[in-house]
Amino acid sequence: MYPINEEAKKESLLIDLDELDVSNRSRFRNNTVQYYFDRLRKEEPVHFCKNSDYGQFWSITKFKDIQEIEANHELFSSAQGYSIYDLPELNKSFVAMDPPEHKSQRSPILPLFSSGGLQNLEPTIRAIISNVCDGIPLNKPFDWVEKVSAQITNQILAIIIDVPNQDLGRLLKWSEVLTTFPEKESKLDLNNLQLMADFSEYFSVLWHRKCNSEPAHDLISMYAHSPLAKKMWQENFLQTLSLLIAATTDTTKNSMTGGVIFLFRSPKERDILYGNREFIKSAVSEIIRYQTPIAHMRRTATADTCFKGKNIRMGDKIILWYASANRDDEEIENPYDFCISRKLHSHHLSFGFGIHRCIGKNLAELELKILLEEIISRGWLVEPVGDPVRKDSCFINGINSLPVLVNKL
Ligand code: HEM
């Protein structure tokens with residue numbers, strides 16, 4: 001079911017491993033990176049790349065090795081950055097912190113994403129998704145990303161950070177800029193700079209309003225009424241908010257789009273799912289595994305060490321390729337098969353592992369579950385009618401647009 005690209009397959013087998021750079025964005029854009037990961041897992045699962053757009057880095061490509069590194073946050077720190085890029089400003093959120101700061105910044109908002117917190121939100125999330133589905137035109141091509149995935153994730157984000165409906169358009173623009181991950185060549189143009197200035201002003205006003213109101217069940221209020229409030233306002237409120245906006249939208253949005261492609265390409269799996277609602281939960285996990293919306297996270301070695309026979313030096317960048325681990329056949333049976341009824345369906349690394357494991361996991365799964373329920377109960381076949389346009393990024397495994405036709409089965 002993985003699209004075959006003979007040329008890339010051949011190149012992946014011939015390329016000198018010393019020359020291989022898996023962070024090359026064209027391999028993500030063309031959806032050929034898995035051939036190179038297959039070779040690394042087999043021949044050099046801990047691999048050093050000496051020259052890339054992002055400098056030198058180690059690639060960790062096997063499932064168990066990634067878990068081992070994530071479990072050792074003293075030796076493999078997040079504090080020098082969470083992605084292959086070196087972006088000091090974006091590294092001021094708790095995703096780029098080690099204990100104890102990491103826990104103190106992560107804890108205040110955890111109740112929002114607990115099962116109790118999500119139970120309160122579920123009716124609102126269902127209403128949003130159902131309303132977006134009501135607006136879908138039948139038998140008329142449209143962009144699934146723009147009309148469905150982006151709409152749903154943006155409206156749910158607005159609920160979580162308590163932005164009113166009249167500002168949804170602005171929120172969508174801000175989140176588009178924040179999720180256009182700053183690749184090496186890209187620069188913020190003047191329009192974007194203006195947009196981000198509006199962003200800072202808007203959320204600074206909202207922060208102060210939340211500080212002066214009764215505590216409420218939304219992200220900004222939870223921080224504003226936490227013991228951290230003063231420190232956070234002075235040091236990293238806007239950076240934390242930016243992380244949360246990007247994390248809430250870009251990941252789930254890409255699962256919602258990937259899911260449409262995988263289900264269409266696997267009619268047998270789709271029939272099983274449409275006939276047996278009990279597989280919705282495992283289908284959600286399988287979609288998230290198969291898409292792996294965050295292709296990697298990064299750690300930095302805090303001391304010289306030997307890992308799996310390789311000498312890693314203090315300060316080296318270590319890239320944990322979840323996109324590869326989720327195709328590791330020592331951990332996942334027939335990993336290239338899209339199979340919605342896997343028994344160990346949540347055994348994947350799309351949400352990471354250890355103390356930084358995604359806090360939005362339950363929310364993302366709930367959104368995707370409700371979307372599948374809506375599609376199935378309407379008896380819809382969502383058919384891609386053109387190629388997906390993939391994101392030019394080795395961090396977000398994303399899809400910018402997907403033309404589709406929706407019809408009754
Ligand atoms: C399918 C959707 C999603 C995927 C695949 C995903 C994936 C990830 C991954 C891989 C990490 C890093 C884990 C690590 O370093 O071990 C992470 C962290 C995080 N995610 Fe998600 N995420 C998703 C949805 C969400 C949502 C909806 C939110 C909403 C709040 C969210 C918020 C976060 C935050 C705040 C972190 C940082 C956690 C920390 O450093 O302690 N994510 N996510």
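Modeller: Leaving aside neighbours within four places in sequence, Trp321 is in contact (C-beta atoms, placed from the backbone, within 7 Å) with Phe37, Ser59, Ile60, Thr61, Ala295 and His296. The model is predicted, and local features need pLDDT of at least 70, side-chain atom pairs count only at pLDDT 80 or more, while totals for chains, interfaces and linings use all residues. Residues are numbered from 1 along each chain as its sequence is written.

Trp321 also belongs, with Leu320, to the residues with the most contacts inside the largest nonpolar core, which has 95 residues. Such a core is a set of buried Ala, Val, Leu, Ile, Met, Phe, Trp, Tyr and Cys residues joined through C-beta atoms within 7 Å, and a residue is buried if 20 or more other C-beta atoms lie within 10 Å of its own, exposed if 12 or fewer, and partly exposed in between. In soluble globular proteins, nonpolar side chains tend to be buried together.

The element that gives the most to this core is helix H13 (residues 237-265), with 11 residues; helices are DSSP runs of H or I with at least four residues, numbered from the N terminus. H13 also gives the most to the shell around the ligand, with 7 residues, where a residue is near if its C-beta atom, placed from the backbone, lies within 6 Å. Of the 28 residues in that shell, Thr251, Gly352, His356, Cys358 and Gly360 come nearest. For the protein as a whole, 41% of the 409 residues count as buried.

Methods. Helix = DSSP H or I, 4+ residues; strand = E, 2+ residues; numbered from the N terminus. Contact = placed C-beta atoms within 7 Å.
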